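This is a walk through the structure shown below, from its chains down to single helix contacts.

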Amino acid sequence: MTGTEVGAPAQRPVLQRLAGASTVWIALVLVALCVLFSVLRPDAFPTLFTLQTLLIEASVLLVLAVGMTFVIITAGIDLSVGSVLVFSGVIGATLMEALSAGGDASDAGIGVVLLGLLGALAGGGAWGLLNGLLVARARIPPLIVTLASFGAALGAAQLITDGVDVRTVPQLLRDGLGFGQTAQVPHMVALAAVVTLAGAWLLHTTRFGRRTFAVGSSAEAARRAGIPVRAHLVRVYTGVGLLSGLAGFMSLAYFGTTTISGHSTDNLNAIAAVVLGGTSLFGGVGSVFGTVIGVFIPAVLTKGFVIVGVQQFWQPVAISAVLVAAVWFDQVRRRSRDRR
Amino acid sequence: MGRMRAGTLGVAAVLAVLAAGCGSTGTIGEGSGGGQAAPPENKNLVLLPGVKAEPFYISMQCGAQEEAARLGYELTTQAPDRFEAALQTPIVTGVLATRPAGVLIAPTDDVALANPMQQLKDAGITVVEVDTRLQDESIAVSTVSSNNEQGGVLAAQTVAGLIGGQGKVLVLNTKAGTSTTDARARGFEQEIAGHPGITYLGQEYTENEPAVAAQKVSATLAAHPDLAAVFATNLNTGEGAATGIRNAGKTEQVRLVGFDASPNQVEDLRAGQVSALIAQDPATIGRQGVQQAVAAIEGRPVEPEIQTDLIAITQADMESKSQYFYRTEC
Amino acid sequence: MDGSGDGLPLLQARELHKSYGSVQALRGASFDLAAGEVVALIGDNGAGKSTLVKCLSGVERPDAGEILVDGAPVVLDSPTAARERGIETAYQDLAVAPDLDPAANLFLGRELRRPGLLGALGMLDKAGMRRQAAEQFARLGVTLQDLDVPIGALSGGQRQSVAVARSVVWASRVVFLDEPTAALGVVQRERVLDVVRRVRDTGVAVVLISHNMPEVLAVADRIEVLRLGARVARFTAADATLEQLVAAMTGALTHEGDR
């Protein structure tokens, strides 16, 4: 033996690690956008009202995107989130109407509302479980499985309602969750924040999160290391389903209707948010914080353009350009940091 | 824990920037300064149509812009990519932040847009509904729309005339919950009931997608090969229905009565693919909407309900009624 | 003499068959291992060495044949089943998760949790894992540029060192090392062989698959030769010559050693 080496390499200083964290750079892009719009319309953009409406309007997508982060980190994908959201909202709303006198849920009490929530979660979880089983056990590629459930869940929702949006939503739910606020913090935002923090905790500090990264980085290595890969994938997809169910209930509270036809691009928006935040579509890398940034960059762009008064047809062009630029910038940085 | 620390710092940075510019204006559900009217030098109006790039709304925009300019106001337009409440809501709240004097809006859902529009009203902004309306009638000071039910009645009469009072008819609706098309379908249904020789096959929903409209027509033709007429309740369904009928090769057999006079539909009418168009008058809706908004802003009396006329255009009289064709640019 | 152990053989394979579609990887392969010995498993390309290792470590299941641990037949239906019997493997393809850091890879599947309630909720003791990983790497002479980068950013040699270290750290009875020095430089190769000897001295059996004949002769106690999916020769390292080994691999010689 030629002698042991001197101790392990020391951890790099915090500042250096911070500069290396790619999500910080994306966050700077977001800050830059906020500054830009604030300069252009100082009377309208940097206000508490704009912040509140931005947060509320992003909260449903944020809940979806947190779940999507886990899925994409496992090198999978879930195209069904928007449809499962609609399905869960339909289940919740129909259940609440069924439990109310005369099929009118407007005056329903807290008990009915909570049962509606359970129904929505169960509906979402069921689709998530189905997706997970098909991906993990039947070994069908996630793209195909969730493309199928994207259509099936929406179809099921339309079957249940005959294509007509459910119109009576408990006022208690609308006032409590949809529009309620405590100390200037809207409840929708608080709920989304709780989900986000819980997701971040789960992903970055627990064994479940570490194994999610492992499965995405190399499913075979994880398998050989004794990690139950298939069971883990089932849990991840079920989790996304549950979050889609919650998002459906939140959407019901906010809009007061099931908006059956209004969620066809939720899946792509969630995926874009996750990828924009630095999560790799190839799996193994990602963060919840990045997803938060990824949700807010398009939201700030859209809101900013409306406030500044950009001609409406420029908005999607400009938004796409910023998205591509932000991801390209992140890729360049990533490549220069890694790779030998 | 690099990521967690980075995350916390980042969130703090974003909040700091926003809080730094934090004005005291506006919280949700609360008006600024108790909802007082806009100061007289605020000459900004905003038009919020239901969706971008639809000739009906563009014609409305043209009429509104002309009238606004005539009255000394500035009108801008912001519309969502798709006819969806989730897309229109952020635009409404964004426009609210810019504090116009008045907003003309076509709500994309009669329930979901109630809260954002209430916020507009609470902030002291005059709200006028154009085209579609909310279930809650307390928010808008005025609603200007086509008498859609009368339009449906007119369509039924036109259909009856075209098929000689005999045959099967289908109605194509868009998305459930759209007040306008529902009213048209309702008017049609009521009027057609008075024609005993006509069999009403019911209405199909097309999600406002021409492709779906074409599919529904093909499916109906498969089930009822002797279909005599189709009433399409709006522009997109009309375009789709014409395609479906053409693909089935039944242009001679099936009389199509469309709603709205978009350029494509006008061409179809000229070519005989469509037998008649029930045209609204979106330019007048835009003009009237602006007039009512300005009246409310300037403290003059307001007409709470204005119904504009619809007319039927056939191949025969189309040239004399060309002012009712919808425009694609102002 | 079969190895240096006495009593029951630690691990045995009897007449294993394994096919992948139409390719027969193992045609009645056998293998014997006693505690505290280093056995080299050699053979030409396609002889079935990696497949045999995968069957004995639970990654694959043989189509036919028996595997015995301590003389009793067992079914190794998953890598976990093998690990529970104290069998660890460093695979030829490394089987590391490229996006996780070296400490995370070391503890892959065996993550340390924090004590108390937080641990019960699943929270990881990342500082503890990093510390222990640093200690183990130092003990085994594995030098890494950076302990906090994804292992994919390190060189192939460093990745291989971590994979070898991982199998050695956790093994309690048998370690399979499949081409453990393939990507390593001279100094590192020597260290791995040192580690092999030390592991053997603690009573853990080591199975070394290698193409490197001098290396094999330097460190192994016994040598078993596979050809075309079956065992064709067994040698004790002391009695074997390079020519004999090569001849056995190419089929010119079958030698069952001193039975």
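Before the domains are described, one term is needed: domain bounds here come from an automatic or database domain assignment. The model itself is predicted.

With that term in hand, chain B can be taken up.

Next come the contacts between chains. Two pairs of chains are in contact, and chains A and B share the most contacts. Chain B and chain C have no contact with each other; their closest C-alpha atoms lie 9 Å apart. Between chain A and chain C, 30 residues of chain A meet 35 residues of chain C. On the side of chain A that touches chain C, the elements giving two or more residues are helix 9 (207-217) and helix 10 (219-224) of chain A. Helix 9 of chain A has the largest share of that side, with six residues. By class, the side of chain A that touches chain C consists of eleven nonpolar, ten polar and nine charged residues.

Within chain A, one pair of helices can be followed. Two packed helices are described by the angle between their axes and the distance between the axes. Helix 5 (residues 110-136) and helix 11 (residues 229-255) of chain A have axes that come within 6 Å and cross at roughly 150°. Helix 5 of chain A is therefore roughly antiparallel to helix 11 of chain A, since angles over 145 degrees count as roughly antiparallel. The crossing of helix 5 of chain A past helix 11 of chain A is right-handed. The contact of these two helices of chain A has 17 nonpolar, twelve polar and one charged residues.

Chain C is again divided into domains. Domain 1 of chain C covers 1-86 and 173-259, and domain 2 of chain C covers 99-170. Their centres, taken over C-alpha atoms, are separated by 27 Å. Twelve residues of domain 1 of chain C and nine residues of domain 2 of chain C take part in the contact. On the domain 1 side, strand 7 (174-178) and helix 7 (186-201) of chain C each supply at least two residues. Helix 7 of chain C gives the most to this side, with five residues. The residues of this side of domain 1 of chain C are nine nonpolar, two polar and one charged.

Chain C also holds a sheet. Six strands form this open sheet, in the order 6-7-8-3-9-10, with mixed pairing. Strand 6 (87-90) and strand 10 (230-236) of chain C are the edge strands, each pairing on one side only. On average, and ignoring direction, neighbouring strands of the sheet are turned by 20° against each other. Inside the sheet, strand 3 (residues 38-42) and strand 8 (residues 205-209) of chain C pair in the parallel sense over four bridges. Here Val39(C) stands opposite Val207(C) of strand 8.

Helix 7 of chain C lies across strand 3, strand 7 and strand 8 of chain C, and runs at about 150° to strand 8. Helix 9 (residues 242-250) of chain C packs on the sheet and touches strand 3, strand 9 (222-227) and strand 10 of chain C. The direction of helix 9 of chain C makes about 30° with that of strand 9 of chain C.

Helix 7 of chain C has a helix partner too. Helix 6 (residues 156-170) of chain C packs with helix 7 of chain C at an angle of about 5°, their axes 12 Å apart. Helix 6 and helix 7 of chain C are therefore roughly parallel to each other. Helix 6 of chain C contributes Gly157(C), Ser161(C), Val164(C) and Val168(C) to the contact, and helix 7 of chain C contributes Gln188(C), Val192(C), Val195(C) and Val199(C). By class, this contact of helix 6 with helix 7 of chain C has five nonpolar, three polar and no charged residues.

Note on methods
Residues numbered from 1 in each chain as written. Chains lettered and ligands numbered in written order. Predicted model: local features only at pLDDT ≥ 70, side-chain atom pairs only at ≥ 80, totals over all residues. Contact = placed C-beta atoms within 7 Å. Nonpolar A, V, L, I, M, F, W, Y, C, P; charged D, E, K, R; others polar. Axes fitted to C-alpha atoms, helices over the stretch in contact; angles between N-to-C directions. Parallel < 35°, antiparallel > 145°, perpendicular 65-115°, else oblique. Left-handed = near helix turned anticlockwise from the far one by under 90°. Pairing = 2+ DSSP bridges.
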